[in-house]
Amino acid sequence: MSSPVGAAAGLRTAGGDPQPRSVTPGRQRWDVGLVLGRPRTAELLAAALRRLPGITDARASSVTGGLLVRHDARVRASDVGRMIRRAVTVIAGHPAGSGGRPAEAQAADAPAPRQDHGPVVRPVLAVGTGTAVAIALAKGSALTRQLVALGGVAVATGAVLRKAWHGTADPSPGPVEGATSDAAPDAAGRGTSRHPLLEIVGPHRHRLSRAAALSVACQVSEVALGTFLGWTGLVLIKGRAAPLARLGLATASAQLLGLAGLVAGACAAVAGLSYASNLQWRQLGQDVEHDWRSRTYQHVQHLELRHLEGERTTRVAGALTDDVGQLGAFFAGPANEVLQLGTSLALLVPAFLLLAPQIAWIAFLPIPVVAWLSLRHQDKAAADYAVTGERRARLGSQVINSLEAGATVKSFCAEDHEADRVDELSEAAQESSRRTDRSTVRHAETVRACTTASMAGTLLIGGRSVLNGTLRFEVFSPLIGLPQMLLMRMSRLGGIVDQYQRTLASYDRVQRLRALPVETDGTGGMLDADQVRGEVVLDRVSFAYPGRPPALRDLSLTIPAGQVTALVGATGSGKTTIAKLLLRFQDADRGSVLLDGRDVRELSRHELRHAIGFVAQDPFLFDGTIADNIRYGSFDASDEAVVDAAMTAEAHPFVAALPYGYETVIGERGAALSGGQRQRIALARAILKNAPVVILDEATSAVDNETEAAIQRTLRGFAADRTMLVIAHRLSTVRQADRIYVMDSGGVVAEQGTHDELLTRQGLYASLWKLQAGEPAA
């Protein structure tokens, strides 16, 4: 299935058919070639979809060509697909595809009705302004005409920047899953009185001030260096520079010697200040990233579990890595460039207006052109780089797959076929790279041509002013090369604007993540684990996961203290849900879950979970040593206690056989161990916790029968005077339990009793036992 930029890679037309990338209940991702490289079209498509019934949110990215649609889970996925295709078709056939606006999109984001005099006022203002400018140009003095021309340059620059500000599309794929729309304004920070960038900097404003001061000083030093070089040329041409003569340097040799010292000092100042400012900006970026990641991760650790399950985990991780990294990256680079650009403008524009107003307009004439070229290039380059990256990713994936499938390729004599596939993908990637390179080089050379033309025009017009006596050569000479510094920085304007927009989008996503609700604590007082007897009662409990049928219906059962209770039954009958309710990973919709007669919702989650040991069917092991994983949660446990827990879990024999024993590093998720070994390590971890209540959810499903029997024997001693809830599909695991509850579909208890009692009844449990024993069902 194609990816967003894969749609562009396939060179589909703007009206090409959208393709689904992933479809899950309540959410769909599509590849829409129509919006690739078209920010306005992406905005209109999202606005049109948000107005459709059943659609709760829609986000389209012109950078990747992706479309994310969230909808009511009760709406069929096929119906949503038809809505998306119909919306794309309407927009593709409407002038909106080239800049117009369909009626649906107009209605989607139109502001509140108000009296609009724009159609009358704007033409009147335009005519009046044009008339005033024409009169000024026709009747005014030469200086007036030059100032009017400079004003035109400023207006054109402002118009270009304003259009870029309002026209840049948000490249974000949408908010973090689970954030409510009504929390978005506050979470995004747009409703606060401070600018989002100030919110991002937070407590690091002192470092921001130091970095800004150093950057300004560095720019002043660069301008001074350019001025000193201009004076050097003046001395060589005219034999003296008046500003230096006023300092007491009368002869040309003395002035050159003094200029040599000034140039050396300015060079040293530029180098030192540049080093210090860049270091401060980078440290500021690192501080911002570290601060936001630490505070956000602290918040995430206390989120409700439903926000950390399933696909949401990858999106949360993206906010904690990519988005938080973007916050720091903006201050490490683009923020410094913005300040440098602003400082250059603040120094050069007044200097030209005061010293040489007659050449100011020609010196700064390329600014709106370079700004427009930079912004336009950034819009095109984003899509080009996305296509190139996608094609290179496909090439790399194909090469890896072909090499890993070497035996299959050779067995089917497909070596030449694989070589042709790689060659075809390599040619496609090469063509994309060439197109991107042509665009980048063309942009760079166009900017170079503009700056060169500006310098040539400045020389010609300024030289003419010098010859006719309206501009002194002593003033003109130092100013010749200074605008080029500004123009070269203007070429980065597109990238700066893009990074700014990305930073705001990342800030929105991080803030939405921080707006997700954290787990609430109980209000019923403290819970001392040492005083817990362990009786668990479910009193008429009902619970349903969002968008699903009820997992438990009016369920009542008792798990006696100090006994082993088992839950068995078909998949989806609510066994694991009971464990989640007891641990308060979820809270019951109706009814109560009681521990020693106290509703668990009134207890401190931390103290409740401290009193319960839990081993999941698919236990998670961390990248570290075996000892570290067993000791997790009981961090102060001694080595002897770790070994004792491992022996109880029948993990010690295989651990002791490893070359490094308990110090063996097992890799991410325990990749170096088998499934049964991972389960035994997780079981040892729960045993070491020594909690009064222990839940084993398929904790021995991956071990062989002999190992399971050994674990059962050792667990009998561990289970003495302890409440143990065992969830199992393999009935041999629970045959020694004091009580067995047989769960049926819909979360109801079909049978209960001991193993022998249930076999005698010849009911559901007996049928399951015969099935697992290989006996024919009655």
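Modeller: This is a predicted model. Let us begin with Glu-289, which is partly exposed at a relative accessible area of 24%.

Biologist: Why is Glu-289 called partly exposed?

Modeller: Its relative accessible area is 24%. Buried means under 20% and exposed means over 50%, so a value in between is called partly exposed. Arg-293, at 29%, therefore also counts as partly exposed.

Biologist: What makes the contact between Arg-293 and Glu-289 a salt bridge?

Modeller: The closest N and O atoms of Arg-293 and Glu-289 are 3.0 Å apart. The limit for a side-chain nitrogen of Arg and a carboxyl oxygen of Glu is 4 Å, so the pair qualifies. Both residues lie in helix α11 (residues 252-300), four residues apart, about one turn of the helix.

Biologist: Which residue forms a salt bridge with Arg-509?

Modeller: Arg-509 pairs with Asp-323, with 2.8 Å between the closest N and O atoms. This pair links distant parts of the chain, 186 residues apart: Arg-509 is in helix α20 (residues 493-514) and Asp-323 in helix α12 (residues 312-332). Both Arg-509 and Asp-323 are buried.

Biologist: How do you know whether Gln-28 is buried or exposed?

Modeller: Gln-28, in strand β2 (residues 27-31), has a relative accessible area of 1%. Buried means under 20%, so the label is buried.

Biologist: Why is Asp-416 called exposed?

Modeller: Asp-416 has a relative accessible area of 60%, and exposed means over 50%, so the label follows. Asp-416 lies in helix α17 (residues 415-467) and belongs to a negative surface patch that includes Glu-415 and Asp-420.

Terms used:
Residues numbered from 1 in each chain as written. Predicted model: local features only at pLDDT ≥ 70, side-chain atom pairs only at ≥ 80, totals over all residues. Heavy atoms only, no water. Patch = residues over 30% accessible without salt bridge, like charges linked within 9 Å, V, L, I, M, F, W, Y side chains within 5 Å. Areas by Shrake-Rupley, 256 points an atom, 1.4 Å probe, with all protein chains shown as cover. Lys, Arg positive; Asp, Glu negative; His and termini not counted. Charge placed at Lys NZ, Arg CZ, Asp CG, Glu CD. Helix = DSSP H or I, 4+ residues; strand = E, 2+ residues; numbered from the N terminus. Buried < 20%, exposed > 50% of the residue type's maximum accessible area, 1.4 Å probe, protein only.
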